[in-house]
Amino acid sequence: MSPDPSGRRARVVMVEPALTQLTKLTANETHRLDRAIVAISVNPDLGTEVPGTLLRDYADDIDGVRVIYYVTALRTIIISGLCGFVAAQGFAAV
């Protein structure tokens, strides 16, 4: 799926366990996650396909955010999990 030529962003919805994980984030982590979600909403193809599933895995090394999501036929992005934020050495589970 390529970016929408009209410039519209995809609708983003979070489901469990992402909603539970979201409540545990700091303000800084939430801000970094927001930037990643905006990037995904503009271009749902940013993430790499997870083989054998409909899931996509998006990792932003600059902000240290990793998001697991899938895109519906109606171009809604469903975020099913926040895999972590970079700690000193790598992604830490949230």
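Is arginine 56 buried or exposed? Arginine 56 counts as buried, at 13% relative accessibility, where buried means under 20% relative accessible area, exposed over 50% and partly exposed in between, with a 1.4 Å probe and protein chains only. The structure here is a predicted model, in which local features need pLDDT of at least 70 and side-chain atom pairs count only at pLDDT 80 or more, while totals for chains, interfaces and linings use all residues. Residues are numbered from 1 along each chain as its sequence is written, and side-chain values use heavy atoms, with hydrogens and water left out.

Now for the overall layout. The protein chain has 2 helices and 6 strands, and from the N terminus on they run β-α-α-β-β-β-β-β. Helices (H or I, at least four residues) and strands (E, at least two) are DSSP runs, numbered from the N terminus. Of the 94 residues in the protein chain, 38% are buried. Among contacts (heavy atoms within 4.5 Å) with a separation of 6 or more, 51% are between residues 24 or more positions apart.

Helix α2 takes up residues 27-42, which is 16 residues. From its first C-alpha to its last it reaches 23 Å, close to the 22 Å expected at 1.5 Å a residue; the expected span is 1.5 Å times one less than the number of residues. Buried in α2 are Glu29, Arg32, Leu33, Ala36, Ile37, Ile40 and Ser41. An α-helix has 3.6 residues a turn, so residues three or four places apart point the same way.

Serine 41 sits in helix α2 and is buried, with a relative accessible area of 4%. A polar atom of its side chain lies 2.8 Å from the backbone oxygen of valine 38. Beyond its neighbours within four places in sequence, serine 41 is in contact with Arg9, Ala10, Val12, Arg75 and Ile77.

Past the helix comes proline 44, in the loop between α2 and β2 (48-49). Proline 44 counts as buried, at 1% relative accessibility. What does proline 44 have 7.1 Å away in space, C-alpha to C-alpha? That is valine 71, 27 residues apart from proline 44 in sequence. Valine 71 belongs to strand β4 and is partly exposed, with a relative accessible area of 24%. Tyrosine 70 is 26 residues from proline 44 along the chain, and their C-alpha atoms are separated by 8.5 Å.

On to the strands, where two count as paired if DSSP finds at least two bridges between them. β2 and β3 pair in the antiparallel sense over 2 bridges, and threonine 48 has aspartate 57 in β3 as its bridge partner. The two strands form a hairpin with 6 residues between them, and glycine 52 in the turn has a positive phi of about 80°. β3 also runs antiparallel to β4, joined by 5 bridges. In that pairing, alanine 59 has arginine 66 in β4 as its bridge partner, and arginine 56 stands opposite tyrosine 69. This hairpin has 4 residues between its strands, with glycine 64 in the turn at a positive phi of about 70°. Of the 5 residues of β3, 4 are buried, so β3 is largely enclosed by the rest of the structure.

Side chains of opposite charge can pair when their charged atoms come close. With a salt bridge taken as a side-chain nitrogen of Lys or Arg within 4 Å of a carboxyl oxygen of Asp or Glu, the count comes to 3. In one of them, arginine 35 meets aspartate 63 at 2.6 Å, N to O. Arginine 35 lies in helix α2 and aspartate 63 in the loop between β3 (56-60) and β4 (65-71), so the pair ties together parts that are 28 residues apart in sequence. Arginine 35 is partly exposed at 39% relative accessibility, whereas aspartate 63 is buried at 14%.

Another salt bridge joins arginine 66 and aspartate 57, again at 2.6 Å, N to O. Arginine 66 is partly exposed, with a relative accessible area of 27%, and aspartate 57 is buried at 17%. Arginine 56 forms a salt bridge with glutamate 49, their closest N and O atoms being 3.7 Å apart. Glutamate 49 counts as exposed, at 64% relative accessibility, while arginine 56 is buried.

Notes. Polar contact = N/O pair within 3.5 Å; in protein donor to acceptor, adjacent residues only side chain to side chain.
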